[in-house]
Amino acid sequence: MDFANFLIQLLNSVQYGLLLFMLAAGLTLIFGIMGVVNLAHGSFYMLGAYLAWSLAAKTGSLALAIVLGTVLSVLFGLVLEKLLFRHFYHRDHLDQVLLTFGLIYIFEEMRSILWGDNVHGVPIPQVLSASIPLTDNLSYPVYRLFMSGLCIALAIGLYLLISKTRLGMKIRAGAFNHEMTEALGINVKLIHAVVFALGVGLATIAGMIASPISSVYPNMGSQVLIMCFVVVVIGGIGSVRGALISALLVGLVDTFGKVLLPQVAGMLVYMLMAAVLLWKPEGLFKQ
Amino acid sequence: MSAAKAHLEQLPRGLQVALALGLLALLAFPFVATDFSAQMAARMMILAIFAMSLDLLQGVTGLVSLGHAAYFGLAGYALAFLTPQGEAVSLWWTLPAAVAASALGALVIGFFVVRTHGIYFIMVTMAFAQMVFFLFFDNKALGGSDGIYINFKPAAGVFDLENKRVFYYFTLAVLVLVYAFLRRLLFSPFGRALAGIRVNEHRMRAMGFGTFGYKLAAFTLAGGLAGLAGYLWGAQSGYVNPELMGFHMSAHAIMMVILGGTGNFAGAIVGAFAFESLLHAFKDLPAIGGFDTGKHWQLWMGLFIVLVVVFAPRGLLGLLDRVLRRKERRDE
């Protein structure tokens, strides 16, 4: 593999890893703070992609679609938390698995009723449609760089939110000791709603920015959900830092596996997970 | 609701009579029903075997596996690979071989997953099942996304599974044998140890039980029994595809066990019949106006699952129990 090719694969793997992080961060936060396993997290990714497609078609601008879609998805997350998830924070994981599995079916059919079952493409915005030439016949699309940049910006924002702001302090306190935090007069219920909506928002944004390169299709959430599970298991449940490192690792293994060992590429990520489980059954950064 | 009541291990007399009547009904069914309904009943019996195998993990040992379909599918694929293009293959050696393939798969994956607990166990079983799914999905040599046809059903002397009635009674016999085996196992020292692990694994370890070995044995056994069901499924449908190992299949099995009631195997059978009947009822819903309600069966199934979890989290048996208790309290 020459250098230009290597660079392209490296950039692709970082971009894929960062996208996975956007999803895994919400999943791991929701689990770490509220103790809920959410199988429907992949559906939010799908929802994002369909929102981007339909809103971009209506407004004519992907950027506007992303802004509108983010607002809608956060509202959707708040409603969902209030009506359903809130009542499942202290229930068995088994109940949570079944609830969120039922939700996958409901979301899929709502998607089918609202938007149909066809595969759609979302055009890359004009300003980002260029490619950067690397050699005579190899180039790298600007849109993918933009995706990675946006993910990095959001990751930094998430880090600052959790570790530097007052709200982040309350989130960490609530995760550490729920009763004590409530006794100090902090509205933990509100914090939970915010964290849930944040997770939904991140997953939806991931779906929206991925839509121009992955196309928009039914059931697109399930595969990405399982990859997120792998990321969260490797990183350690509840750890956002673990999710970031593990997402980048999974991105590298998956992308380079497809190039170097195409016969077993699909299994490599799971082998990585198995190896981590043997070494650290609770993940690399268990909190 | 106390844990003991919710976790019904000993079946009350009334329920035993009901099960015996159910068995009689299944014995007589092919004589009164159409070929098609008898085939549907056989399919439900196969799923009941699958659900019982999961109940050994979920209800007895307290291990919620979201990847149990992998072992169901492995045996189906084993049958597909062992069946030659032009002739039927012997039941005698392919059935044990297919079950062994599933058990081996469960042993290898179990070696990794039973180290984990709670939520990790759920996620990791699901992830490994997906690995097996993609192994078959991505490789053309293993059938790829289209799957493999099984042109001839296995046969052995009088047990010619090509004959639909023979297949029906063979499946019924397997169902009864698996049920009897699991009921005995439940009250054996091994079964008591598994139940102990569900209730308090730390205490079991403190008492000197090697819980890792017990859990791995349960996982392997459950995988093998799921393989038994998968073999029959492959033989009946004459076709296997990666969907058999998919995560929807695994989740359906969990739902069957929950719906009937966990930890006693009878509930798993009832749940499998109930779930499948419901699934077909939803799929057969008529179109209302321009809206094809049957096509959107997932919506009804999803709503049904959510309603069950919200209002009857301990299954139909648990709901019945709660209603009866409320009545008792009113009577007092």
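1. Let's begin with Lys258(A). This is a predicted model, and in it Lys258(A) counts as exposed because its relative accessibility is 53%, where the cut-off for exposed is over 50%. Its partner is Asp254(A): the two form a salt bridge, with the closest N and O atoms 3.0 Å apart. Asp254(A), on the other hand, is buried, with a relative accessible area of 7%. Both residues belong to helix α10 of chain A (residues 240–260), and they are four residues apart, about one turn of the helix.

2. Now try Glu81(A) and Arg86(A), whose side chains also meet in a salt bridge, at 3.1 Å from N to O. Which of these counts as buried? Glu81(A) does, at 1% relative accessibility. Arg86(A) counts as partly exposed, with a value of 23%.

3. Over in chain B, have a look at Glu201(B) and Lys215(B). Their side chains make a salt bridge of 3.1 Å, N to O. Glu201(B) sits in helix α9 of chain B (residues 201–206) and Lys215(B) in helix α10 of chain B (residues 211–237), so the pair ties together parts that are 14 residues apart in sequence. Are these two buried or exposed? Glu201(B) is buried, and so is Lys215(B).

4. How many salt bridges does the structure hold over all chains? The total is nine. Between chain A and chain B the count is one. Take a look at Lys295(B) and Asp117(A), which form a salt bridge with their closest N and O atoms 3.8 Å apart. There is also a network here: salt bridges that share partners join Glu108(A), Arg111(A), Asp117(A) and Lys295(B).

5. Next, the place where the chains meet. 45 residues of chain A are in contact with 43 residues of chain B. The area buried between the two chains is about 4,000 Å², and carbon and sulfur atoms give 81% of that. In chain A, the residues that lose the most area to chain B are Leu98(A), Tyr105(A) and Glu109(A), together 17% of what that side buries.

6. What builds chain A's side of this interface? Six residue pairs are found in polar contact across the interface of chain A and chain B. The elements of chain A that give two or more residues to the side touching chain B are α1 (3–34), α4, α9 (220–235) and α11 (265–279). Of these, α4(A) provides the largest share, 15 residues. Sorted by class, the side of chain A that touches chain B has 30 nonpolar, eight polar and seven charged residues.

7. I'd finish with Glu109(A), which you'll find in helix α4 of chain A (residues 93–115). Glu109(A) is buried yet has no salt bridge. Which side chain of opposite charge is nearest to Glu109(A)? That is Lys295(B), 6.3 Å away, while a salt bridge needs the nitrogen and oxygen within 4 Å. Setting aside neighbours within four places in sequence, Glu109(A) is in contact with Lys295(B), His296(B), Trp297(B), Gln298(B) and Leu299(B).

Methods: Residues are numbered from 1 along each chain as its sequence is written. Chains are lettered from A and ligands numbered from 1 in the order in which they are written. This is a predicted model: local features need pLDDT of at least 70, side-chain atom pairs count only at pLDDT 80 or more; totals for chains, interfaces and linings use all residues. Side-chain values use heavy atoms; hydrogens and water are left out. Buried means under 20% relative accessible area, exposed over 50%, partly exposed in between (1.4 Å probe, protein chains only). Lys and Arg count as positive and Asp and Glu as negative; His and the chain ends are not counted. Contact means heavy atoms within 4.5 Å. Buried area is the accessible area (1.4 Å probe) that two parts lose on being put together, summed over both. A polar contact is a pair of N or O atoms within 3.5 Å; within protein, one must be able to donate a hydrogen and the other to accept it, and residues adjacent in sequence count only if both atoms are side-chain atoms. Ala, Val, Leu, Ile, Met, Phe, Trp, Tyr, Cys and Pro count as nonpolar, Asp, Glu, Lys and Arg as charged, and the others, Gly among them, as polar.
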